[in-house]
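Please look through the structure below before reading on. The paragraphs that follow lead from its aromatic pairs to its core and end with the confidence of the model.

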Amino acid sequence: MPTNERGSRREFLQRALATGMLGAIPFRRAQALPRGQVPQVLSGTEFALEIAEQSVHVLGGDVPATMINGTVPGPQLRLREGDTVTLRVTNRLRVPTSIHWHGLLVPAEMDGVPGLSFPGIAPGATFVYRFPVRQYGTYWYHAHTRFQEQTGTYGSIVIERRGGERATADREYVVVLSDWSQEDPERVFDKLKVASDFFNFNQPTVPD
């Protein structure tokens with residue numbers, strides 16, 4: 001990476017940390033989290049995740065969110081290349097839900113896409129995902145049901161290289177960036193279906 005690019009990224013992160021922009025970093029309480037809570041860091045081969053609706057304070061108001069283990073974002077999952085992992089996901093919502101492991105090489109039936117790889121997780125039910133970890137790197141997971149991702153059902157995945165990291169570092173940070181709207185995502189979707197540029201408030205004029 002060129003020095004000037006590396007420097008600009010470092011400066012961005014420093015400014016973001018100073019202003020609280022990166023509230024989703026586990027060591028800092030995010031505004032979207034319940035007071036005093038931060039996302040868990042879960043590691044190993046056995047995981048228990050619970051999806052439930054909870055009220056959060058974000059952008060100056062209390063709004064409902066679909067949380068994983070009580071936080072937005074959900075727990076950071078730390079896996080290891082070569083292990084076989086088991087993830088038990090329990091649905092405490094009144095509607096179906098799901099978890100998709102974005103970017104992971106998993107068997108089709110473990111992919112977590114309702115209507116394609118499985119029927120979804122019914123209210124009150126638990127679905128057991130089990131698959132071998134065939135890669136390493138940083139990924140994320142999220143709901144693949146309606147707009148639950150937009151209301152908080154997502155989190156990060158860090159997969160450690162089986163043979164150890166090739167480069168050492170003094171500290172490690174996982175940054176989760178996301179958008180949030182106080183408007184119901186169903187209504188946002190309806191508006192975009194009517195006019196895809198509905199939220200483009202800086203549309204150029206003919207002279208522009």
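**A walk through the predicted model**

Phe-189, at 37% relative accessibility, counts as partly exposed, a class that lies between buried (under 20% relative accessible area) and exposed (over 50%), as found with a 1.4 Å probe and protein chains only. This is a predicted model, in which local features need pLDDT of at least 70 and side-chain atom pairs count only at pLDDT 80 or more, while totals for chains, interfaces and linings use all residues. Residues are numbered from 1 along each chain as its sequence is written, and side-chain values use heavy atoms, with hydrogens and water left out.

The partner of Phe-189 is Phe-147, and the two rings form a tilted aromatic pair, 5.3 Å centre to centre with 50° between the planes. Rings of Phe, Tyr and Trp (for Trp, its six-membered ring) pair if their centres lie within 6.5 Å, and planes under 30 degrees apart count as stacked, over 60 as edge-to-face and the rest as tilted. Because Phe-147 lies in the loop between strand S8 (137-142) and S9, and Phe-189 in helix H2 (residues 185-194), the pair ties together parts that are 42 residues apart in sequence. Phe-147 is itself buried, with a relative accessible area of 17%. The rings of Phe-198 and Phe-199 make an edge-to-face pair, since their centres are 4.9 Å apart and their planes stand at 70°; Phe-198 is partly exposed at 39%, and Phe-199 is partly exposed at 32%. The count comes to eight aromatic pairs, and one aromatic cluster is formed by Trp-101, Phe-118, Phe-127, Tyr-129, Phe-131 and Tyr-141.

From the N terminus on, the order of elements is α-β-β-β-β-β-β-β-β-β-α. Of the 208 residues of the protein, 38% count as buried.

Which residues have the most contacts inside the largest nonpolar core? In this core of 24 residues they are Leu-77, Trp-101, Tyr-129 and Phe-131, a nonpolar core being a set of buried Ala, Val, Leu, Ile, Met, Phe, Trp, Tyr and Cys residues joined through side-chain atoms within 4.5 Å. At least two residues of this core come from each of strand S2 (46-58), strand S4 (76-80), strand S5 (84-91), strand S7 (126-132) and strand S9 (154-160). Residues touched by Leu-77, beyond four places in sequence, include Phe-47, Leu-87, Trp-101, Tyr-141 and Val-158, with contact meaning heavy atoms within 4.5 Å. A second, separate core of eight residues includes Val-56, Val-63, Ala-65 and Met-67.

Arg-78 lies in strand S4 and is buried, with a relative accessible area of 17%. Its side chain makes a polar contact with the side chain of Glu-172 at 2.8 Å; such a contact is a pair of N or O atoms within 3.5 Å, of which, within protein, one must be able to donate a hydrogen and the other to accept it, and residues adjacent in sequence count only if both atoms are side-chain atoms.

Finally, the mean pLDDT of the protein is 84, and 82% of its residues reach 70 or more, pLDDT being the predictor's confidence in each residue, from 0 to 100. Over residues 16-31 the pLDDT is below 50. Where pLDDT is low, the predicted coordinates should not be read in detail.

Conventions:
Helix = DSSP H or I, 4+ residues; strand = E, 2+ residues; numbered from the N terminus.
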